[in-house]
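Dear colleague,

Please read them with the coordinates open.

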Amino acid sequence: EVERGRVRAETPRWGARTLDLDVVLFDGRRVDTPQLRIPHPELPHRDFWQRELAALGVDWRACAEAAR
């Protein structure tokens, strides 16, 4: 990401960020590496993601269960 100019500056915890991207789900795929986990492991605990996914017609519970 540094090569692309996307460098995250140090900010206070939970403060504003220059770049913040959460990959919650991706095309039904499951990824489990040290750098990335899809579905996002905190999905069952983040109601704001749940509401957005529900509005899109996505069954986030099935996705989160499939990741276990």
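A polar contact here is a pair of N or O atoms within 3.5 Å, where within protein one must be able to donate a hydrogen and the other to accept it, and where residues adjacent in sequence count only if both atoms are side-chain atoms. By that criterion, the side chain of Gln-50 reaches the backbone oxygen of Leu-43 at 3.0 Å, and the backbone nitrogen of Glu-42 lies 3.0 Å from a polar side-chain atom of His-40.

This is a predicted model, in which local features need pLDDT of at least 70 and side-chain atom pairs count only at pLDDT 80 or more, whereas totals for chains, interfaces and linings use all residues. Residues are numbered from 1 along each chain as its sequence is written, and side-chain values use heavy atoms, with hydrogens and water left out. The mean pLDDT (the predictor's confidence in each residue, from 0 to 100) is 79 for the chain, with 75% of its residues at 70 or more. Confidence is lowest in helix H2 (residues 60-66), at a mean of 74, and highest in strand E1 (residues 31-32), at 89; helices (H or I, at least four residues) and strands (E, at least two) are DSSP runs, numbered from the N terminus.

Helix H1 covers residues 47-55, and its residues Trp-49, Gln-50 and Leu-53 are buried (buried means under 20% relative accessible area, exposed over 50%, partly exposed in between, with a 1.4 Å probe and protein chains only). Seen down the axis, these buried residues fall within an arc of 100°, so they line one face of the helix, the arc being that of the directions from the helix axis to the C-beta atoms. On the other side of H1, Arg-51, Glu-52 and Ala-55 are exposed. Gln-50 counts as buried because its relative accessibility is 15%.

Leaving aside residues up to four places away in sequence, Leu-53 is in contact (heavy atoms within 4.5 Å) with Val-24, Leu-25, Leu-43, Val-58 and Trp-60. His-40, in the loop between strand E2 (37-38) and H1, touches Val-23, Val-24 and Trp-49 when its neighbours within four places are likewise set aside.

Finally, Gly-28, in the segment before E1, counts as exposed because its relative accessibility is 79%.

Best regards
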